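Hi everyone, thanks for coming. Let me put the structure up on the screen, and then we can walk through it together.

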Amino acid sequence: LVGSEMCIRDSHNIAVQQLYLERFDEACVASQNCRRLARISLSYSNRWLPQFDATHRMALTALSESRAVRNKFTDDEQAQLFHDLAAQLFSDDPNR
């Protein structure tokens, strides 16, 4: 692997570790970094993009469902809106 490929791999691995540790906000940042780097790289990462997207989806969903995030909203409606937006971001339905 070259330097950029190792950076992509490491960003993804960090995101997975942060999910395991329930540090969802940090997992979202690491997984988003991984996805951004992978999209600008033309070699190694293209075959891994679906996995990187799945990790980011998991991080975002976990963050939206976490107590820490839900407590920051003023009411349940705002918390549900955040959760719904997170779900729609990665919806397979193009009409959503």
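So, how are α2 and α3 oriented to each other, roughly parallel or roughly antiparallel? Before I answer, a word on what you are looking at. This is a predicted model, where local features need pLDDT of at least 70 and side-chain atom pairs count only at pLDDT 80 or more, while totals for chains, interfaces and linings use all residues. Residues are numbered from 1 along each chain as its sequence is written, and side-chain values use heavy atoms, with hydrogens and water left out.

Back to the question. Two packed helices are described by the angle between their axes and the distance between the axes. Helix α2 covers residues 24–40 and helix α3 covers residues 49–65; they pack at about 155°, with axes 8 Å apart. Angles here run from 0 to 180 degrees between N-to-C directions, and the axes are lines fitted to C-alpha atoms, for helices over the stretch in contact. The helices themselves are DSSP runs (H or I, at least four residues), numbered from the N terminus. α2 and α3 are therefore roughly antiparallel, the term for angles over 145 degrees, whereas angles under 35 count as roughly parallel.

Who makes that contact, meaning heavy atoms within 4.5 Å? On the α2 side, the residues include F24, C28 and C34, and on the α3 side they include F52, H56 and L63. By class, the α2 and α3 contact has eleven nonpolar, four polar and four charged residues.

Now please look at α1 and α3. These two pack at about 30°, with their axes 10 Å apart, and are therefore roughly parallel. Here I8, H12, A15, V16 and L19 of α1 meet Q51, F52, T55, M58, A59 and A62 of α3. This contact of α1 with α3 has eight nonpolar, three polar and no charged residues.

Helix α1, residues 3–20, also holds R9. R9 and W48 are 39 residues apart in sequence, yet their C-alpha atoms are 9.6 Å apart in space. With 32% relative accessibility, R9 is partly exposed, a term for values between buried (under 20% relative accessible area) and exposed (over 50%), using a 1.4 Å probe and protein chains only.

Finally, the cysteines. C7 is partly exposed at 37% relative accessibility, whereas C28 is buried at 10%.

Note on methods. Parallel < 35°, antiparallel > 145°, perpendicular 65-115°, else oblique. Contact = heavy atoms within 4.5 Å. Nonpolar A, V, L, I, M, F, W, Y, C, P; charged D, E, K, R; others polar.
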